[in-house]
Amino acid sequence: MAFPYQHAGTLTFVPEAWASSLLTQFDPLLVWSSRLVSNRDYEGEIRNKGDVVHVNSLIRPTVSEYSLPEGMTAQRPETVDQKIPIGQADYLQLLIEDAERVQLATGDFNSPINKQMIRALAAKADTFMGDVIASSATFLPNIAPSVGNIPASLYGAILDMMLELDETDVPEASRYVVVSPRVKRFLIEHPSIANAAAYGEGGVTANGVVARLAGFTVVSTTAMPTGVDIVAGHPDFATFASQFNEFREGQSEKFRADYVDTLHLYGGKVLRYPGMDTKKADNTWEETKPTKGIVKAAVTWPS
């Protein structure tokens with residue numbers, strides 16, 4: 001749907017073009033909310049703050065041994081509903097001095113001030129999702145490296161986290177490790193990270209990726225939850241539902257310019273799974289206990 005500009009002689013405002021341009025710059029800034037760490041499978045139609053996204057988890061069926069004369073007994077698929085509340089609503093409003101010129105360029109997100117606004121939106125959403133994930137992760141013992149073996153100690157701790165995930169049958173493909181900037185600073189001294197291209201795949205910069213190595217992706221962010229330095233898991237165990245909604249345009253009352261604005265509606269949740277978490281009698285999950293699909297640890301830094 002297109003809306004006419006209020007300035008005479010200009011063209012029309014195309015919300016879809018602006019949404020595409022915004023997402024192109026927004027998504028690469030995310031870490032916790034990125035598809036590397038959280039799945040984005042349940043966004044659907046989010047229209048207002050307070051909406052609820054429903055996720056149905058299939059309970060794992062029982063495998064039985066076939067024999068005669070008993071034959072087979074059919075099972076009905078059973079699901080458990082999990083609700084993701086869309087409780088966050090942030091907005092972005094841009095002032096456009098020349099609406100027609102900007103529309104022809106399919107977006108005006110490249111100015112320094114607009115880039116900082118998008119960074120602020122991404123940082124707030126990522127901090128929210130990091131807190132959601134870390135609050136339900138299983139805490140492992142603190143990592144206490146000595147001055148001379150910090151890189152090796154941190155790398156060994158990450159491998160111990162991978163072992164924890166192995167023992168709970170967390171899928172191996174697409175695993176991630178999120179580290180704080182201080183952990184990253186020492187971790188990249190370890191040969192397996194410094195020479196990641198020789199072991200797996202070299203690092204890239206989008207979504208905070210440091211390196212891809214030995215079946216997991218190492219990412220770093222400044223949006224680390226309080227008291228946590230390393231988090232390891234799989235994106236199946238957390239979901240982030242997000243939508244930029246209701247792009248509008250109009251004439252500023254204060255300036256000789258147009259404005260364009262939108263609402264960012266989002267929410268997140270750590271998902272629970274049969275065989276790994278506890279189902280309650282009312283067919284919901286026990287969510288006060290940490291999930292086995294995500295683990296976390298703090299570092300006691302040497303003085």
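Modeller: Asp27 is partly exposed, since its relative accessible area comes to 22%. Keep in mind that this is a predicted model, so every value here is computed from predicted coordinates. On the cut-offs, buried means under 20% and exposed means over 50%, so 22% lands in between.

Asp27 has two arginine partners to look at. One is Arg35: the two side chains meet in a salt bridge, 3.9 Å from N to O. The other is Arg40, whose side chain meets that of Asp27 in a salt bridge at 3.8 Å, N to O. This second pair links distant parts of the chain, with Arg40 and Asp27 13 residues apart, although both are placed in the loop between helix 1 and strand 3. As for the general idea, side chains of opposite charge can pair when their charged atoms come close.

Arg35 is exposed, because its relative accessible area of 53% is over the 50% cut-off. Arg40 counts as buried, because its 11% is under 20%.

For another salt bridge, go to Arg185 and Glu189, whose side chains meet at 2.5 Å, N to O. Arg185 is partly exposed at 44% relative accessible area, and Glu189 is also partly exposed, at 45%. The structure holds seven salt bridges.

Now stay in that loop and turn to Ser38, which is found between helix 1 (15–26) and strand 3 (52–58). Ser38 is buried, with a relative accessible area of 0%. Its side chain reaches the backbone oxygen of Trp32 at 2.7 Å. Leaving aside residues up to four places away in sequence, Ser38 touches Trp32, Ser33, Met129, Ile133, Pro235, Ala238, Thr239 and Phe240. So where does the loop stand on burial? Ser38 is buried at 0% and Arg40 is buried at 11%, whereas Arg35 is exposed at 53%.

Helix 4 has 18 residues and reaches 26 Å from its first C-alpha to its last, close to the 26 Å expected at 1.5 Å a residue. Its buried residues are Ile150, Pro151, Ser153, Leu154, Tyr155, Ala157, Ile158, Met161, Met162 and Leu165.

After helix 4 comes Asp169, with a positive phi near 60°.

One last stop, for the nonpolar side of things: Tyr66, Leu68 and Met72 form a nonpolar patch on the surface, with about 430 Å² of accessible area together. Tyr66 is placed in the loop between strand 3 and strand 4 (79–85).

Methods: Residues are numbered from 1 along each chain as its sequence is written. This is a predicted model: local features need pLDDT of at least 70, side-chain atom pairs count only at pLDDT 80 or more; totals for chains, interfaces and linings use all residues. Side-chain values use heavy atoms; hydrogens and water are left out. Helices (H or I, at least four residues) and strands (E, at least two) are DSSP runs, numbered from the N terminus. Buried means under 20% relative accessible area, exposed over 50%, partly exposed in between (1.4 Å probe, protein chains only). A polar contact is a pair of N or O atoms within 3.5 Å; within protein, one must be able to donate a hydrogen and the other to accept it, and residues adjacent in sequence count only if both atoms are side-chain atoms. Contact means heavy atoms within 4.5 Å. Patches are made of residues with over 30% relative accessible area and no salt bridge: like charges are joined within 9 Å, nonpolar side chains (Val, Leu, Ile, Met, Phe, Trp, Tyr) within 5 Å. Accessible areas come from the Shrake-Rupley method with a 1.4 Å probe; for residues, only the protein chains shown count as cover. A salt bridge is a side-chain nitrogen of Lys or Arg within 4 Å of a carboxyl oxygen of Asp or Glu. The expected span of a helix is 1.5 Å times one less than its number of residues.
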